[in-house]
Amino acid sequence: MDLDIDPVSAAFRDEVREWLAANVPRPALPSMDTAEGFAAHREWEAELADARLSVVSWPREYTGRDASLLQWVLFEEEYYAARAPGRVSQNGIFMLGPTLFAHGTAEQRDRILPAMARGEQVWAQAWSEPEAGSDIAALRSSAVRTDGGWLLSGQKTWSSRAAFADRAFGLFRTDPAEKRHRGLTYFMFDLRAEGVTVRPIPQLDGEPGFAEIFLEQVFVPDADVIGEPGQGWKVAMTTANNERGLSLRSPGRFLAAADRLAGLWRETGEDPSLRDRVADAWIGARAYQLYTFGTVSRLAEGGELGPESSVNKLFWSHLDLALHETALDVLGPDGETDRSWVDGYLFSLAGPLYGGTDQIQRNTIAERLLGLPREARR
């Protein structure tokens, strides 16, 4: 593990810090799960892109900076420390983007990535179905060959950002004769295409952070298939590893929250009964930071994200939950009126579910990392 920050990376960190200090919107933008807030967050993505800060690790031809993984981690730390807006484009830039770099064609990257980086096209996930949540291989949505492309049919649910997004990505079964992981194909499709119905799902706060997507014979051209037909599971594992591993939950998010928690504990009188929990959260955030530096070092030497991302996902999802539970206990009755901590807590409750449930992650760890016998399927 290399913990040294080279001069170029340190200068990059300082530049990011200065830019964010001058440009982060104050007051905070409205919730991205409202039409007004979604539009405001889309505009923020364009501002980031103008400064080449929306996708710093991407190549320059795609609005990036060719930043190293270490520089990306430093960017994330500064971004969260500045309490900058949430990334409305995160499904695209953190999951679909890396998938296109790994499996997409040059034409797909040239057509899709610049608009993604600027927030001109915001992407929704279209993974889960009523009968296929963490066990995504049980999906029933289908795609049938037609002239020049495919006809997609079925239902997707719990699709994040779909209420206001432009496009979506997900798996569909293209060979019904094959079972489970085989015969799946990875598609991108327009949420405003003929035959697509998007039905928002209100959350506890009434805002539609998710939506159901219904597809009835929706035409998708061959140009919007990622990878080879029938090989969608392999492609999807790149997306899943980025969701569970390094990209979606960088340590900057938890470092900033842990620092806020420690400050909150001091401001409210340093209750000794909560001291150990505050310290555990702070230590957990720093441990996750060090783990990430180890991952960065390994990837820089040619390694890849693999099933160990399940260990990562288990750790950060429970760290997030413990951190926010502790903050609400520190606040006591006042916590009910602190929208920032309450919203964070409600979101953290979903951590052990999205991206694959705890049970799925533990099976992956047991079977693929520890070499234990595979679970017998009934």
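Visitor: Which residues are linked in a network of salt bridges?
Guide: In this predicted model, Glu107, Arg111, Arg167 and Asp224 are joined by such a network.

Visitor: How many salt bridges does a search of the whole structure find?
Guide: The search returns 22 salt bridges.

Visitor: Take Asp50. With which residue does Asp50 form a salt bridge?
Guide: The partner of Asp50 is Arg118, and their closest N and O atoms are 3.0 Å apart. Asp50 belongs to helix 2 (residues 35–50), while Arg118 sits in the loop between helix 5 (106–117) and strand 1 (123–125), so the pair ties together parts that are 68 residues apart in sequence.

Visitor: And is Asp50 buried or exposed?
Guide: Asp50 is exposed, because its relative accessible area is 57% and the cut-off for that class is over 50%. Arg118 has a relative accessible area of 26% and is partly exposed.

Visitor: What does the side chain of Asp205 meet in a salt bridge?
Guide: The side chain of Asp205 meets that of Arg339, at 3.8 Å from N to O.

Visitor: Staying in helix 8, is Gln289 buried or exposed?
Guide: Gln289, which is also placed in helix 8, is buried, because its relative accessible area is 16% and buried means under 20%. Leaving aside residues up to four places away in sequence, Gln289 touches Glu77, Pro251 and Leu255.

Visitor: New topic: the nonpolar core. How many residues has the largest one?
Guide: The largest nonpolar core has 45 residues. Those with the most contacts inside this core are Leu53, Trp58, Leu96, Met116, Phe169, Tyr186 and Met188. Helix 3 (residues 69–81) gives the most to this core, contributing 6 residues.

Visitor: What does Leu96 touch?
Guide: Not counting residues up to four places away in sequence, Leu96 touches Asn91, Met116, Trp123, Phe169, Tyr186, Met188 and Ile226.

Visitor: Which residues does the second, separate core include?
Guide: That second core has 23 residues, and Ala124, Trp150, Ala165 and Val196 are among them.

Visitor: Let us turn to the strands. How many bridges join strand 2 to strand 3?
Guide: Strand 2 (residues 142–146) and strand 3 (residues 149–156) run antiparallel and are joined by 5 bridges. Within this pairing, Ser142 stands opposite Ser153 of strand 3. The two strands form a hairpin with 2 residues between them, and Gly148 takes a positive phi near 80 degrees there.

Visitor: And how many join strand 3 to strand 7?
Guide: Strand 3 and strand 7, also antiparallel, are joined by 7 bridges. In strand 7, Leu215 is the bridge partner of Gly154.

Visitor: In what sense do strand 6 and strand 7 pair?
Guide: They pair in the antiparallel sense over 6 bridges. Val196 stands opposite Leu215 in strand 7.

Visitor: Where is Phe210 found?
Guide: Phe210 is found in strand 7 (residues 210–221). Phe210 counts as partly exposed, at 24% relative accessibility. Apart from residues up to four places away in sequence, Phe210 touches Trp158, Ser159, Ser160, Ala163, Pro200, Ile201 and Gln203. The C-alpha atoms of Phe210 and Ala162 are separated by 6.1 Å, although these residues are 48 apart along the chain.

Visitor: Last point, the surface. Which residues form a nonpolar patch there?
Guide: The patch consists of Tyr291, Val311, Leu369, Leu370 and Leu372, with about 440 Å² of accessible area together. Among these, Val311 lies in helix 9 (residues 309–331) and is partly exposed, with a relative accessible area of 36%.

How values were computed
Residues numbered from 1 in each chain as written. Predicted model: local features only at pLDDT ≥ 70, side-chain atom pairs only at ≥ 80, totals over all residues. Heavy atoms only, no water. Patch = residues over 30% accessible without salt bridge, like charges linked within 9 Å, V, L, I, M, F, W, Y side chains within 5 Å. Areas by Shrake-Rupley, 256 points an atom, 1.4 Å probe, with all protein chains shown as cover. Salt bridge = Lys/Arg side-chain N within 4 Å of Asp/Glu carboxyl O. Helix = DSSP H or I, 4+ residues; strand = E, 2+ residues; numbered from the N terminus. Buried < 20%, exposed > 50% of the residue type's maximum accessible area, 1.4 Å probe, protein only. Contact = heavy atoms within 4.5 Å. Pairing = 2+ DSSP bridges. Core = buried A, V, L, I, M, F, W, Y, C linked by side-chain atoms within 4.5 Å.
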